[in-house]
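Please consult the sequence and structure shown below while reading.

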Amino acid sequence: MTLTADTNTHPVATFGSGGAEPYARALRREGRLQLVRADAPVAPGSPAPSTGAADVYGPFDVARWSSAADAADLSTLAGARSVLDIGCGPARMVRAAVGLGIEALGIDVSETAVAMAVDAGLPVAAGSVFDPLDGEGGWHVALLLDGNIGIGGDPTALLTRCSEVIASNGSVVVETAHDDSADEFYDAHVVDDRGLTSATFPWAEVGRAALPGHARRAGLEVAQTWSVDSRTFCRLVRTR
């Protein structure tokens, strides 16, 4: 699902990787995951904490990431001429874009997610958004959905990189946190419904109110905001 933000230092753990690899396991068997702050660890083998606690986020229904794009997902593709799905997972958005006749590429660091997408015949590449990319500087829409604004724990750095991969008339579509005021950066790990835990990785949550500040520092601005089925999206365009 997620990518490391710094390719010039030692590799940074990414969403659900390392440890017992709960993300890869959940993808294979369509389980559920919880995102838990690293300062609220879960004992190995214990069930994932219930939702609603201040230090727990989710649950993520991994099956949704492998299923067909829904109405909210499809709203992000309106008017797109080409799509780069960052942290694409099993690539439901790539599948949707291709089905609409839109040129698309998904990128992800999860070997399991990439293998699933490739086996399905979808154009997906293994790697990080911070690596050199095919079509760099020419993508019409770059997607950061399913919380992927949190990639690397540094939204400003991530959006700065996104501004480099889109065309001058392109945009970045960000799905924001349910809490409009969220603007948090922390270390976390993923726990599945069997209590299996990943390595710790940096993460962030950004709500609609906080996103414009990160966008501005990245040379972007919010041009459009909309909501579908309780999910909120912002379209960012370049200012320089």
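Two strands are said to pair if DSSP finds at least two bridges between them. The model described here is predicted. In this model, strand S6 (residues 139–144) and strand S7 (residues 166–175) pair in the parallel sense, over five bridges.

**The sheet**
- Seven strands make up an open sheet, in the order S5-S4-S3-S6-S7-S11-S10, and the pairing is mixed.
- S5 and strand S10 (220–228) each have a single partner strand and stand at the edges, so one side of each is left without a neighbour in the sheet.
- On average, neighbouring strands of this sheet are turned by 20 degrees against each other, direction ignored.
- Within the pairing of S6 and S7, Val 141 stands opposite Ser 171 in S7.

**Helix H5 on the sheet**
- H5 packs on the sheet and touches S4 and S5; the direction of H5 makes about 150 degrees with that of S5.
- In helix H5 (residues 111–119), the buried residues are Thr 112, Ala 113, Val 114 and Ala 117.
- The cover over these buried residues includes helix H1 (22–29), strand S4 (103–108) and strand S5 (124–126).
- Gly 121 follows H5 and has a positive phi, near 80 degrees.

**Helix H6 across the sheet**
- Helix H6 (residues 155–165) lies across strand S3 (82–86), S6, S7, S10 and strand S11 (231–238).
- The helix H6 runs at about 140 degrees to S7.

Conventions. Residues numbered from 1 in each chain as written. Predicted model: local features only at pLDDT ≥ 70, side-chain atom pairs only at ≥ 80, totals over all residues. Heavy atoms only, no water. Buried < 20%, exposed > 50% of the residue type's maximum accessible area, 1.4 Å probe, protein only. Helix = DSSP H or I, 4+ residues; strand = E, 2+ residues; numbered from the N terminus. Contact = heavy atoms within 4.5 Å. Axes fitted to C-alpha atoms, helices over the stretch in contact; angles between N-to-C directions.
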